[in-house]
Amino acid sequence: MSENTTITLEVARYRPGVDERPTMQLYEVPLRDDWVVLDALNYIKDEVDGTLSYRWSCRMGVCGSCGMMVNGVPKLTCSAFLRDLAPGPIRVEALQHFPIERDLVTVLDDFIDKLESVTPWIVRDEPEPPPEDGEYKQTPAELATFKQYSMCINCMLCYSACPVYGQEPEFIGPAALALAQRYNLDSRDEGNDLRAMVIGSQNGVWDCTFVNECSEVCPKHVDPAGAIQQLKLVSAVEWFENLPGVPSRRKK
Amino acid sequence: MSSRTREFKRSNDPPFWLLFSAGGMISALLLPVLIVLLGFVLPAGEVSLERVVDVFENVFIRIIVVIVASLAFWHAAHRIRFTLVHVGLHRLATPIAVASYGAALAGTVWVLAVVIFV
Amino acid sequence: MTVRKPYYERPSSTWWLKRWPYRFFMLREISSVFIAGYGVLLVVLAMQVYRGPSHLADYVNFLDSPVMFVVHAVVLVFALLHTITFFNLTPKAMVVRIGEKKLSAVMMVTPIYVAWLVVSALVALLFLL
């Protein structure tokens, strides 16, 4: 493979206070066989244009920092190989559906708020027993029920892929709802009732129309769409149980 | 801006979603064969008209016709409502919901009337 | 000092045109219009049955026209699209676990397709035998 081949990246730039809106800037980068888009961005920043701003960290698909739109598809740039996108040009933009802070950096506030809104921690009915009483025990089968939903790396690709979140930013969204299911299914947790209102609100599962693109783009195969459909069933039962006159059964 | 201060109200979508799901399953199972039989085989003369009359006059079949048709309407109403809201008509979300489910209700009343009174 | 001025643009209402997965999703949603449409056709047929033999015969004649053939063909295509997409997505709402193992999507969906074949055969027998 010739070392002299290059590939063009069209990178979105946005300088707050200078630019009215994002514009595209072209860069020529080496087309190395083992390079990913993140390598190309690092090359640009190191060798060509130090003003380019973007997030990245682990460069191996576990931290969730480097999510961007690559040719219109939300991807982890550390996992998108240049050779798969050749001959290019490759269009790199900030993750869609989020405000752009600068260049390829998005504002995360709404996403963090949504995650917090589902009470994403173990909730117990009674105060925690002292450590001497031992840890909460869990069998491998009990772990298996929620493990898939615990694999989320908060990369936000699902929010970029979700057209409902794009049209209705109030939607709690795929990752937050998958996280709610992760805790609801955890045998150590007793907080299902706490999460029921958020899950069962209009901006909870009921905004979702099962487009399924969230699960398609998820790099960790969390399948948030599946989690949401399961939550719809639970939430629908809960709606009927909350009708006036229906006797309440003992909750978990 | 924290959602912890946000008010969450229980949505009333569940009954409509359950109707959508039931309608979706019934339509998925029954419509293809019905369309082929009643839309192609029957006009081609390969289904006896007497058999068609016998089938539809049967009281259990009348009930099934009501179920299949009305659930198809409720299924479509739910999907059409969300589709319209998500292609830019979010400001009209409430009127769209009322119109969609209203149409499904009208369709249900119509099929009941046909099966009972005609 | 750099000023903060985040740029946000609401996605356009034609988002569904931009990628094939979204266009396919829209086709799937539109199929519901044809599902409701056939609901109407079914009720109309029942109505002609209840009105009497001459009405039914006239209506069957009407069905035997190029226009109604095309209408039914289009409706059938969308009904099949609905059936296949609905069946394939149904298992996602239910997780069946045996010990630590999850039943695969194929194992969950096969019984549904089998049920479809059985139901279709029974309905066909009802009208044809």
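Biologist: How far apart do the C-alpha centres of domain 1 of chain A and domain 2 of chain A lie?
Modeller: The C-alpha centres of these two domains of chain A lie 30 Å apart. This is a predicted model, in which local features need pLDDT of at least 70, side-chain atom pairs count only at pLDDT 80 or more, and totals for chains, interfaces and linings use all residues. Residues are numbered from 1 along each chain as its sequence is written, and chains are lettered from A and ligands numbered from 1 in the order in which they are written.

Biologist: Where is chain A divided?
Modeller: Domain 1 covers 6–106 and domain 2 covers 109–241; such bounds come from an automatic or database domain assignment.

Biologist: And how many residues of domain 1 of chain A are in contact with domain 2 of chain A?
Modeller: 12 residues of domain 1 of chain A are in contact with 12 residues of domain 2 of chain A. Contact requires C-beta atoms, placed from the backbone, to lie within 7 Å. On the domain 1 side, β3 (67–70) and β4 (73–76) of chain A each supply at least two residues. Strands are DSSP runs of E, at least two residues, and helices are runs of H or I, at least four, numbered from the N terminus.

Biologist: Which classes are on that side of domain 1 of chain A?
Modeller: The side of domain 1 of chain A that touches domain 2 of chain A has six nonpolar, six polar and no charged residues. Nonpolar here covers Ala, Val, Leu, Ile, Met, Phe, Trp, Tyr, Cys and Pro; charged covers Asp, Glu, Lys and Arg; the others, Gly among them, are polar.

Biologist: Back to β3(A). Are its residues buried or exposed?
Modeller: A:Gly67 and A:Met69 point one way, A:Met68 and A:Val70 the other way, and all are buried. Buried means 20 or more other C-beta atoms within 10 Å of a residue's own, with C-beta atoms placed from the backbone. In a regular strand the side chains alternate between the two faces of the sheet.

Biologist: What does β3(A) run antiparallel to?
Modeller: β3(A) is joined to β4(A) by four bridges, and the two run antiparallel; pairing needs at least two bridges found by DSSP. A:Met68 has A:Lys75 as its bridge partner in β4(A). The two strands form a hairpin with two residues between them, and A:Asn71 in the turn has a positive phi of about 50°. β3(A) also pairs with β5 (residues 90–93) of chain A, in the antiparallel sense over two bridges, and there A:Val70 has A:Val92 as its partner.

Biologist: Changing topic: how many residues does chain C bring to the contact with chain A?
Modeller: Chain C brings 22 residues and chain A 28. α1(C) gives the most to the chain C side, with three residues. That side divides into 13 nonpolar, two polar and seven charged residues.

Biologist: How many residues has helix α1 of chain C?
Modeller: Helix α1(C) runs over residues 20–51 and has 32 residues. It reaches 47 Å from first C-alpha to last, close to the 46 Å expected, where the expected span is 1.5 Å times one less than the number of residues. C:Gly52 follows α1(C) and has a positive phi near 125°.

Biologist: What is the mean pLDDT of chain C?
Modeller: The mean pLDDT of chain C is 94, and 99% of its residues reach 70 or more. pLDDT is the predictor's confidence in each residue, from 0 to 100. The model scores ipTM 0.93 and pTM 0.94.

Terms used
Two residues are in contact if their C-beta atoms, placed from the backbone, lie within 7 Å. A residue is buried if 20 or more other C-beta atoms lie within 10 Å of its own, exposed if 12 or fewer, and partly exposed in between; C-beta atoms are placed from the backbone.
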